[in-house]
Amino acid sequence: MARKSLKSQASKKSQIVAFKVEDDLAKFLDNLPNKSEFIRRAILAQFGMNCPLCTGTGVVSRGIHDHFKIAIATHNNRPCEKCKTAVAFPMSTEGLPPIDETRFKQFLNGGPLYCAKCYPNVPPCDDCGWHIMMEKVAEHFKKVHAH
């Protein structure tokens with residue numbers, strides 16, 4: 001029982017995606033230590049969303065780490081998209097209350113950041129659920145939904 005609850009806490013992924021591949025690619029993927037992580041990274045790389053520090057490897061050199069550690073710790077504020085109040089944002093949504101988790105997850109996934117006061121007053125997009133100010137809806141659709 002404890003194993004199951006730990007696993008559900010560690011992984012917030014809730015969707016399974018399946019697709020067909022050639023036999024050679026299937027064999028290659030089956031030999032990877034973590035097939036899902038490899039596929040996720042490949043998809044992110046295709047969209048040009050690799051981390052600019054680790055370039056998608058998940059590891060940075062000691063020099064890069066030491067150089068940016070201070071910058072990351074001191075530059076974790078951004079103005080609210082609507083009222084321009086400074087909002088301190090976390091590096092992940094882990095451990096946040098549900099009301100803040102959704103708001104910060106939107107920002108960490110590339111969406112606008114709103115303060116706790118403005119977020120509930122900005123309507124969600126019917127397609128993706130991100131909260132988008134009415135005057136930014138057209139820009140949002142071009143950026144996020146134009147495939």
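Predicted model: local features only at pLDDT ≥ 70, side-chain atom pairs only at ≥ 80, totals over all residues.
Residues are numbered from 1 along each chain as its sequence is written, and side-chain values use heavy atoms, with hydrogens and water left out.

Start with the fold. The protein chain has six helices and two strands. Both are DSSP runs numbered from the N terminus: helices are H or I with at least four residues, strands are E with at least two. Along the sequence the pattern reads α-α-α-α-β-β-α-α. The chain has 147 residues, and 18% of them count as buried. Buried means under 20% relative accessible area, exposed means over 50%, and partly exposed lies in between, with a 1.4 Å probe and protein chains only. The accessible surface comes to about 11,800 Å². Carbon and sulfur atoms own 58% of that surface. These areas come from the Shrake-Rupley method with a 1.4 Å probe; for residues, only the protein chains shown count as cover. Now the contacts (heavy atoms within 4.5 Å). Among those between residues at least 6 apart in sequence, 24% join residues at least 24 apart.

Next comes helix α5. Its buried residues are D100, E101, R103, F104, Q106 and F107. They pack against β1 (77-79) and β2 (86-88). G110 follows α5 and has a positive phi, near 105 degrees. Another positive phi, about 70 degrees, belongs to K84, which is not a glycine. K84 sits in the loop between β1 and β2. Its relative accessibility is 55%, so K84 counts as exposed.

Together with E81, G111, P112 and K143, G110 lies nearest the centre of the second largest pocket, which has 15 lining residues. The pocket search runs on a 1 Å grid over the protein atoms alone: a pocket is an open set of points with protein on both sides within 12 Å along at least five of seven lines, the 1.4 Å probe being the one used for cavities, and lining residues have an atom within 4 Å of a point. The volume of this pocket is about 270 Å³. Here volume is the space filled by probe spheres set on the points, with grid points joined across faces, edges and corners. Helix α6 (residues 137-145) gives the most to the lining, with four residues. By class, the lining has seven nonpolar, three polar and five charged residues. Ala, Val, Leu, Ile, Met, Phe, Trp, Tyr, Cys and Pro count as nonpolar; Asp, Glu, Lys and Arg as charged; the others, Gly among them, as polar.

P112 is also one of the residues touched by H131. H131 lies in the loop between α5 (98-108) and α6. At 12% relative accessibility, H131 counts as buried. Its side chain reaches the backbone oxygen of Y119 at 2.9 Å. Leaving out residues up to four places away in sequence, H131 touches Q106, P112, Y114, Y119, V122, P123 and P124.

Two residues remain, in other parts of the chain. R40 is in helix α3 (residues 35-46). With a relative accessible area of 32%, R40 is partly exposed. Its side chain makes a polar contact with the side chain of E37, at 3.2 Å. A polar contact is a pair of N or O atoms within 3.5 Å; within protein, one must be able to donate a hydrogen and the other to accept it, and residues adjacent in sequence count only if both atoms are side-chain atoms.

L53 is in the loop between α3 and α4 (62-74). At 32% relative accessibility, L53 counts as partly exposed. Leaving aside neighbours within four places in sequence, L53 contacts V60, I64, F68 and I72. The C-alpha atoms of L53 and I64 are separated by 7.5 Å, with the two residues eleven apart along the chain.
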